[in-house]
Amino acid sequence: METQDFDQYDDLDIIPTYEASIVYLETPESVINAAGGANFYSQDFNFDAFAEDIFSERVLDGVLTYDVENTTSKRLDLTIEFLDVDGNVLDVESFSMDPAPAAVLRREIAYGNAGRSMDIIRNTSGIRLSGTNLGDSTSTSTLPDPMVTLKSSGKFRVRIK
């Protein structure tokens, strides 16, 4: 009979990858036209998911992925700002889109060893999303259901032990 070695637990390295949606925005061209001015959207969101100790103290690295599509007749800018608990801007990602027809814009931003500082992710407590119409407020795309769509998701490696 052999003596059990329970020290093997100390040798374990458990690092799963977690993926989740972050922000989704869909704004029809009619709403953009009705806004009348350049800014058609501006909203601050509370987003403490990154700041939770179970995540922030254990996250190693990750990637935020953005997919942006503009099927409107307007040139548009979308901006996402990551905010700390005091409302200070930690990071900014901006998207300039030509009117339709335009390809879906996909952007991946790495955080951690191969990218931007993980402190941005660890200290994010809010997200500010804004949209600016750089075109007119009367034209309408001939495409069905013209709108601007932003989808974002995060994929992060987190050390469990």
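## Exercises on a predicted model

Gln43 is in contact with Ile127, Arg128 and Leu129, once residues up to four places away in sequence are set aside. Keep in mind that you're working with a predicted model.

**Exercise 1.** Find the strand that holds Gln43, then decide whether Gln43 is buried, partly exposed or exposed.

*Solution.* 
- Step 1: Look along residues 39-46, which form strand β2; Gln43 sits there.
- Step 2: Take its relative accessible area, 36%.
- Step 3: Buried needs under 20% and exposed needs over 50%, so Gln43 at 36% is partly exposed.

**Exercise 2.** Now do the burial check for Glu93, and work out which side chain makes a polar contact with the Glu93 side chain.

*Solution.* 
- Step 1: Go to strand β5, residues 89-97, to find Glu93.
- Step 2: Its relative accessibility is 7%, so Glu93 counts as buried.
- Step 3: List its contacts beyond four places in sequence; among them are Tyr66, Leu78, Arg107 and Arg116.
- Step 4: The partner is Arg116, whose side chain makes a polar contact with that of Glu93 at 2.9 Å.

**Exercise 3.** Name the residues with the most contacts inside the largest nonpolar core, then trace what Leu150 touches.

*Solution.* 
- Step 1: The core has 29 residues, and Phe50, Leu64, Leu78 and Leu150 have the most contacts inside it.
- Step 2: Elements giving this core at least two residues each include β1 (17-28), α4 (118-122) and β8 (147-158).
- Step 3: Beyond four places in sequence, Leu150 touches residues including Val23, Tyr66, Leu78, Phe95 and Leu129.

Technical notes. Residues are numbered from 1 along each chain as its sequence is written. This is a predicted model: local features need pLDDT of at least 70, side-chain atom pairs count only at pLDDT 80 or more; totals for chains, interfaces and linings use all residues. Side-chain values use heavy atoms; hydrogens and water are left out. Helices (H or I, at least four residues) and strands (E, at least two) are DSSP runs, numbered from the N terminus. Buried means under 20% relative accessible area, exposed over 50%, partly exposed in between (1.4 Å probe, protein chains only). A polar contact is a pair of N or O atoms within 3.5 Å; within protein, one must be able to donate a hydrogen and the other to accept it, and residues adjacent in sequence count only if both atoms are side-chain atoms. Contact means heavy atoms within 4.5 Å. A nonpolar core is a set of buried Ala, Val, Leu, Ile, Met, Phe, Trp, Tyr and Cys residues joined through side-chain atoms within 4.5 Å.
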